[in-house]
Structures are given as C-alpha cells and as structure tokens.
Amino acid sequence: MQGTDTTTEPELACPIAPVVDIVFSRWTTPILWSLHAHGRQRFVELERRIARITPKVLTQRLRQLERDGLVVRTYHPEVPPRVEYEISELGRSLAPLFAHLADWSADHLGEVEKARQTYDEA
C-alpha cells in the first residue's frame, strides 16, 4: 500500500486517551481520591495519606493538577506560610467516573486475579 499512512494519532484511535493521560497516572488518581474523600489538605497531610510518594513527585503532580484545573492551591501568607490544596469543581466532576471504577473493581478484580493465575499456570 504505497502512499498510505497507517499511523493513527492516539487521540483518534482512542478518544479517551487524553483523559487517561491526565487523570490516571500513577499518583494523580490517589491525590484526587484523597482530596475528594478528605477535603482540603496541606502538603504533609497528602504525603501521609499517600504511601510511598516522594515529596518531589507529590510536588510535581500537584503542580500539574493545578495547571490542568483539577486542583486549587491556596497560599495563606501567615507566619509560617501555609499552603492548602483542594479538588476543584472540574476535579469533582470526575467523582461519578471514580465511583463507576470503584464498583467495577469490587465486582471484577477477583475475576482478573483468577485470569492471571490461569495464565501464569499455563
């Protein structure tokens, strides 16, 4: 097939790819989940709630989430200064999606584990 371009941009092959890139990175989902479940939090509170995340990665992810409009950062010019993070309205709009995924997880992760065991045994 000379002259035919068979490459497809990921966004065209799967229209939800940009959303998956934004929302479902390794640390983004736990950050959003924590802010949704526990409300406004300081950096150290998030760090404690999300096991094994490094301060550097938490800082990077929070900045990206703020840039994407999913998290709001509030600086309080006190002594000492205080910074709080909360999920934005745009971030809250993901709650139904997370609820569906939590339901799917409860209903099907057992099946996934069985399939993995069967595969690994073969």
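Modeller: Happy to! One term to start with: helices, H or I with at least four residues, and strands, E with at least two, are DSSP runs numbered from the N terminus. Keep in mind too that this is a predicted model.

Colleague: Thanks! Using those labels, where is the place of Ser 88?

Modeller: Ser 88 sits in the loop between E3 and helix H6, which covers 89–92.

Colleague: And is Ser 88 buried or exposed?

Modeller: Ser 88 has a relative accessible area of 9%. Buried means under 20%, so Ser 88 is buried.

Colleague: Which residues is Ser 88 in contact with, leaving aside its neighbours within four places in sequence?

Modeller: Those are Gly 69, Leu 70, Val 71 and Val 72.

Colleague: Let's switch to charges. How many salt bridges are there?

Modeller: The count comes to five salt bridges. As background, side chains of opposite charge can pair when their charged atoms come close.

Colleague: Which residue forms a salt bridge with Arg 40 at 3.9 Å?

Modeller: That is Glu 84, with 3.9 Å between the closest N and O atoms. Glu 84 lies in strand E3 (residues 82–87) and Arg 40 in the loop between helix H3 (28–38) and strand E1 (41–42), so the pair ties together parts that are 44 residues apart in sequence.

Colleague: How accessible are Glu 84 and Arg 40?

Modeller: Glu 84 counts as buried at 13% relative accessibility, while Arg 40 is partly exposed at 48%.

Colleague: What about the salt bridge of Arg 40 with Glu 86?

Modeller: Their side chains meet at 3.4 Å, N to O. This pair also links distant parts of the chain: Glu 86 is in strand E3, and Arg 40 in the loop between H3 and E1, 46 residues apart. Glu 86 is partly exposed, with a relative accessible area of 21%.

Colleague: Which residues join into one network?

Modeller: Arg 40, Glu 78, Arg 82, Glu 84 and Glu 86 do, through salt bridges that share partners. One of these bridges pairs Arg 82 with Glu 84, whose closest N and O atoms are 2.9 Å apart.

Colleague: New topic: the backbone. Which residues does a cis peptide bond join?

Modeller: Val 79 and Pro 80, with omega about -5 degrees. Pro 80 is in the loop between strand E2 (71–76) and E3. Another backbone feature is at Arg 52, which is not a glycine but has a positive phi of about 70 degrees. Arg 52 is in the loop between helix H4 (43–49) and helix H5 (55–67), and counts as exposed at 71% relative accessibility.

Colleague: Last one: how many residues has the largest nonpolar core?

Modeller: It has 17 residues, and Ile 31, Leu 32, Leu 35, Leu 46, Leu 62 and Val 71 have the most contacts inside it. H3, H5 and E3 are the elements that give two or more residues to this core. Leaving aside neighbours within four places in sequence, the contacts of Leu 46 include Ile 31, Leu 35, Leu 58 and Tyr 85.

Definitions and conventions:
Residues numbered from 1 in each chain as written. Predicted model: local features only at pLDDT ≥ 70, side-chain atom pairs only at ≥ 80, totals over all residues. Heavy atoms only, no water. Salt bridge = Lys/Arg side-chain N within 4 Å of Asp/Glu carboxyl O. Buried < 20%, exposed > 50% of the residue type's maximum accessible area, 1.4 Å probe, protein only. Core = buried A, V, L, I, M, F, W, Y, C linked by side-chain atoms within 4.5 Å. Contact = heavy atoms within 4.5 Å.
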